Amino acid sequence: MVDVTKEAGPAAQAGRQGAESFPPSGHDGHSLSATGDRAADKKGQVSWAVFEWARNPYVLLITIYIFSPYFTNVVVGDPVKGQAIWGNINSIAGFAIACLAPVLGAIADSGGRRKPWLAVFVGIMAPATFALWWAVPGPEGLSIVTIATLIVIVSVAFAFSEVFHNSMLPSVAPNDRIGFLSGLGLALGNAGGLLILCFMLYAFMLPGRVSWGFIPDHALFGIDVSTYQNSRIAGPIAGLWLFFFTLPLMFFTPDRPREARPGLADSIRQGGARVVKTVRQLKHYRNVATYLIARMFYNDGQTAILIFGGVYAAGVFHWDALTLTIYGIVLSIFAVGGGFFGGWLDDTFGSKTAILVSIGGTSLGLLLAVSITPTELFFFFPWDADAPKVWDLPFFATVPELLYVGVVVLIAIFITAAYANSRTMLARLAPATKMSEFFGLYALSGTATAFLGPAIVGFTTSFFQSQRVGFASVLVLLGVGLGLVLFVKEERAEAAE
């Protein structure tokens with residue numbers, strides 16, 4: 001494999017990338033990327049970030065706020081059994097991702113181009129997500145097994161698309177804009193999710209529930225709320241949104257240059273061999289390995305906060321579905337700022353400092369969040385649960401609820417910043433010629449122990465019979481990850497031969 005960092009200057013780059021037709025580095029405002037290739041122009045860079053805008057609504061609509069509670073409570077019909085099934089679905093998907101992501105990353109390095117792989121994954125995700133429209137309770141709809149299969153397929157394809165998308169970042173952005181572009185992608189992803197949630201709230205959730213003049217009397221487009229079409233429509237919306245907003249990346253973001261490459265079987269064999277070699281050489285990449293282990297812990301903590309934050313609020317404050325939807329909208333608004341905040345932190349102070357600030361802020365926010373209940377503020381100050389409400393709105397009507405939302409807003413900002421900072425950190429640490437391979441390991445570090453956060457929360461909640469203690473136990477994972485980051489040096493590793 002050619003080490004692009006050792007190739008000749010702009011003229012050689014122009015010859016090798018003629019198909020991409022970018023002006024030479026140093027002319028017309030273009031500069032070299034972190035991998036030594038010419039960086040994409042601004043349209044190409046923004047189009048790379050827009051892919052996050054395309055993907056993120058799937059997470060909010062299907063995984064967190066709309067389809068998952070519909071599936072567990074309505075399709076399965078038993079919240080406890082439904083939650084168990086949903087957990088098993090995600091466990092199966094996580095196992096598949098853990099096994100295959102590093103190999104696929106290595107295949108991408110061996111095969112060269114990333115966009116064809118992204119096209120395949122989007123081609124799988126979009127129709128499979130759309131098909132959730134037919135997830136109707138009873139024998140006339142998709143069976144639970146079929147729905148589970150669709151969710152597993154989409155979840156795996158979603159994770160693999162992240163591997164290939166992330167691995168494009170160092171070759172798309174100039175080195176001094178990696179942090180900004182990574183943050184822009186996260187911000188756009190949250191903005192897209194926010195827009196979709198607001199639309200769902202206006203068009204399908206609020207009609208018939210409130211008497212506000214600007215809210216329609218009935219759900220739009222003939223959606224029948226009585227047959228749960230307002231929940232099932234999340235599938236088609238997420239699928240179509242993904243398809244159409246993937247097109248800018250396909251048309252405007254340059255890929256790696258076309259090169260002679262082996263067939264699929266040889267790529268798989270070579271890719272697998274490269275993964276084995278990389279794992280064996282982790283002693284050489286000790287700094288990167290330390291970072292990936294650190295991320296494994298704090299990423300598990302972040303994931304647990306996302307999974308259990310709404311569950312904790314619903315249990316402690318007795319929030320209903322409408323309140324939780326608005327809760328998701330509020331967090332998405334501030335998460336948009338978190339992406340830009342993370343990019344600013346990274347470009348100003350470096351990736352390591354940015355991660356320390358982001359995870360430290362998340363930990364402090366979680367500690368404050370569990371200090372608030374309907375009868376207690378910040379552990380020490382009692383509150384009368386029968387005190388007059390702040391307003392007559394059917395959500396966030398008490399002082400403890402408003403304080404909780406305010407604290408969780410800070411968590412949303414710091415978690416989003418941490419996601420942006422984390423992938424930027426790897427882009428700065430990994431050898432330039434092994435980006436896809438290491439982003440495969442990056443994906444593995446984010447999924448290999450995905451069970452750990454939920455397991456700790458579940459155990460401590462059961463042992464102490466307290467949601468509060470269970471949710472607070474996530475601080476252990478965040479603390480371990482934060483401590484390990486202190487030992488990471490922010491310097492690029494040399495590729496082992």
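Predicted model: local features only at pLDDT ≥ 70, side-chain atom pairs only at ≥ 80, totals over all residues.
User: Why is Thr 253 called buried?

Analyst: The relative accessible area of Thr 253 is 1%. Buried means under 20%, and therefore Thr 253, at 1%, is called buried.

User: Where is Thr 253 placed?

Analyst: Thr 253 is in the loop between helix H9 (234-252) and helix H10 (264-280). The C-alpha atoms of Thr 253 and Ala 49 are separated by 9.7 Å, and these two residues are 204 residues apart along the chain.

User: What makes the pair formed by the backbone nitrogen of Trp 48 and the side chain of Thr 253 meet the distance limit for a polar contact?

Analyst: The backbone nitrogen of Trp 48 lies 3.2 Å from a polar atom of the Thr 253 side chain. The limit is 3.5 Å, so the value of 3.2 Å is within it.

User: How do you know that Gln 302 is buried or exposed?

Analyst: Gln 302, in helix H11 (residues 286-317), has a relative accessible area of 0%. Because buried means under 20%, Gln 302 is buried. Not counting residues up to four places away in sequence, Gln 302 touches Ile 359, Ile 415, Ala 418, Tyr 419 and Leu 478.

User: Which residues have the most contacts inside the largest nonpolar core?

Analyst: They are Leu 61, Ile 62, Phe 67, Met 200, Tyr 291, Tyr 404 and Leu 426, in a core of 128 residues. Helix H6 (residues 144-172) gives the most to this core, with 16 residues.

Definitions and conventions. Residues numbered from 1 in each chain as written. Heavy atoms only, no water. Helix = DSSP H or I, 4+ residues; strand = E, 2+ residues; numbered from the N terminus. Buried < 20%, exposed > 50% of the residue type's maximum accessible area, 1.4 Å probe, protein only. Contact = heavy atoms within 4.5 Å. Core = buried A, V, L, I, M, F, W, Y, C linked by side-chain atoms within 4.5 Å. Polar contact = N/O pair within 3.5 Å; in protein donor to acceptor, adjacent residues only side chain to side chain.
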